[in-house]
Amino acid sequence: MALLAALAGGAGGEAGQQAWSALSSLVRRPFRRRGNTAAVTASSGESELARLEESPHEAARAHALSTALAVRAALDADFQADLRRWCELTEPLDTGNVHNEISGGTFAAPVVQGRNLSDISFHAPPSPPAEPGTGTPTASE
């Protein structure tokens, strides 16, 4: 779902735009429903795609599109195969859900926030502790 929202919002640069365009084309293809009565009421995903494109930051819209795609894939074997290929091709674009937050306390050393970091080192001596009573909050406050 995060990838759908990110792509709808323009993430991933040119590759992201191409991935969103490919998904849009896939969803807009005719829905080849099997002779199943449930398929008659199943969404092709077009309306969910359009709604997410209008508001890419609304998680409920990304969830609705994800659900519509899953249902359609269950009812249309060709769509399922093409959607699986699309997912494999877009896997490198998946940014995942990363939430970095620092709050409270006093920090006297470098802080790095990000995703998939490795081999990071800092070569600076630590800052001296703050003097009590100088208005600087401490971790216990």
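How close do the axes of α2 and α6 come, and at what angle do they cross? In this predicted model the two axes come within 11 Å and cross at roughly 175°. Axes here are lines fitted to C-alpha atoms, for helices over the stretch in contact, and angles run from 0 to 180 degrees between N-to-C directions. The crossing makes α2 roughly antiparallel to α6 (under 35 degrees counts as roughly parallel, over 145 as roughly antiparallel, 65 to 115 as roughly perpendicular and the rest as oblique).

The model is predicted, and local features need pLDDT of at least 70, side-chain atom pairs count only at pLDDT 80 or more, and totals for chains, interfaces and linings use all residues. Residues are numbered from 1 along each chain as its sequence is written, and side-chain values use heavy atoms, with hydrogens and water left out.

**Chain overview**

The chain has six helices and zero strands; helices (H or I, at least four residues) and strands (E, at least two) are DSSP runs, numbered from the N terminus. Of the 141 residues in the chain, 25% are buried (buried means under 20% relative accessible area, exposed over 50%, partly exposed in between, with a 1.4 Å probe and protein chains only). Among contacts (heavy atoms within 4.5 Å) with a separation of 6 or more, 60% are between residues 24 or more positions apart.

**Helix pairs of α2**

On the α2 side the contact is made by W20, L23, S24, V27 and R28, and on the α4 side by E46, L49, L52 and E53. By class, this contact has five nonpolar, one polar and three charged residues (Ala, Val, Leu, Ile, Met, Phe, Trp, Tyr, Cys and Pro count as nonpolar, Asp, Glu, Lys and Arg as charged, and the others, Gly among them, as polar).For the other pair, α2 is roughly antiparallel to α6. A19, A22, L23, L26 and V27 of α2 meet F79, D82, L83, W86 and T90 of α6. The residues of the contact of α2 with α6 divide into eight nonpolar, one polar and one charged.

**Buried faces**

Helix α2 has 16 residues and reaches 23 Å from its first C-alpha to its last, close to the 22 Å expected at 1.5 Å a residue; the expected span is 1.5 Å times one less than the number of residues. Its buried residues are G16, A19, W20, L23, S24, L26 and V27. They cover an arc of only 165° around the axis, which puts them on the same side of α2; the arc is that of the directions from the helix axis to the C-beta atoms. These residues pack against α1 (2–8), α4, α5 (59–75) and α6.

In α6, the buried residues are F79, D82, L83, W86 and T90. They fall within an arc of 100° seen down the axis, so they line one face of the helix. They pack against α1, α2 and α5.

D82 lies in α6 (residues 77–90) and is buried, with a relative accessible area of 18%. Not counting residues up to four places away in sequence, D82 touches L26 and R29.

L7 is placed in helix α1 and counts as buried at 4% relative accessibility. With residues up to four places away in sequence left out, L7 touches G16, A19, W20, W86 and L93. L7 and W20 are 13 residues apart in sequence and 5.8 Å apart in space, C-alpha to C-alpha.
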